Amino acid sequence: MVKNSQTKPLAAVYVRVSTQEQAQQGFSLNAQQESLENYAKALGYDIFKVYRDEGKSAKDLKHRPEMMQMLEDAEKKKFSAIFIYKLDRFSRSLKDLILTIDKLKDWNIDFVSLQDKIETASASGKLMFHIISAFAEFERNIIGDRTKFGMERKAKEGGFITKAPKGYKLVDKQLLVDEEQAEEVKKIFQEFLEKDISLTQLGKNHGMTTAGIKKLLQNTTYIGKVKFANNESQGQHKAILDKQLFKQVQDKLKEKQLS
């Protein structure tokens, strides 16, 4: 817990008004600030800093400079708690609210909303924090599932979802053959198939590591496939190698592993 020279914990106070008129009048900001400062002091805190976003919307955290500065200071552990007047002063986006409070939990920063009776210093407050954190994890899982679903669908439709391997280039998210590199890829496959050569030496011949050359030789992109999460689909791009050559190379790789 961050404390001052008198050993009291330090608190940040955050206040915001959403219209320029309110900001110019100053009443709403000053009323919020006075209430929060008094409440924080009553709970034994000294005020580290008052962060004031005047005339700022609650829709987007990134467009509130004082909010962003406060979160940066929180991550640096400059204070022990954040006091706000009401949750809608902090954010009207449930997603932003949940994910931001979850960050504060990771940083061991207490969070107090005066009007909503939410705080994380007591046992009941910590329970609320855990509930909010569970929602944050749920939100992250949903985002992950959506991303994975989108990538799987793109792969099934033949779209390419990672960076272009040697022999190809990405142009407007489409995988196109790089003719010069494609010739080198063909040469690598032929050299491995026709010569008694180790993967290490083959890699050195082409400026690649042993692991890199093995990965190249096993890459089904060269026969027109797209792979995601161990599932393969027919791609929309042009194949560099014929399937027979690719199969022969895979067979030889297996023989080398067994020998």
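The legends below describe close-up views of a predicted model.

Residues are numbered from 1 along each chain as its sequence is written, and side-chain values use heavy atoms, with hydrogens and water left out. Local features need pLDDT of at least 70 and side-chain atom pairs count only at pLDDT 80 or more, while totals for chains, interfaces and linings use all residues.

View 1. The mean pLDDT (the predictor's confidence in each residue, from 0 to 100) of the chain is 81. A value of 70 or more is reached by 75% of the residues. Helices are DSSP runs of H or I with at least four residues, strands are runs of E with at least two, and both are numbered from the N terminus. Where pLDDT is low, the predicted coordinates should not be read in detail.

**View 2. The second largest pocket.** This pocket holds about 240 Å³ of space. Of its 10 lining residues, L61, L71, D96, T100 and K103 are the closest to the centre. A pocket is an open set of points on a 1 Å grid over the protein atoms alone, where a 1.4 Å probe fits, with protein on both sides within 12 Å along at least five of seven lines; lining residues have an atom within 4 Å of a point. Grid points are joined across faces, edges and corners, and the volume is the space filled by probe spheres set on the points. Helices α3 (65–75) and α5 (94–106) each supply at least two lining residues, and α5 gives the largest share, 4 residues. The lining comprises 5 nonpolar, 1 polar and 4 charged residues (nonpolar: Ala, Val, Leu, Ile, Met, Phe, Trp, Tyr, Cys and Pro; charged: Asp, Glu, Lys and Arg; polar: the others, Gly among them).

**View 3. Positive phi at K77 and N108.** K77, a residue other than glycine, has a phi near 60° and lies in the loop between α3 and β3 (81–84). K77 is partly exposed, at 39% relative accessibility (buried is under 20% relative accessible area, exposed over 50%, partly exposed in between; 1.4 Å probe, protein chains only). In the loop between α5 and β4 (110–113), N108 also has a positive phi, near 60°. N108 is exposed, with a relative accessible area of 64%.
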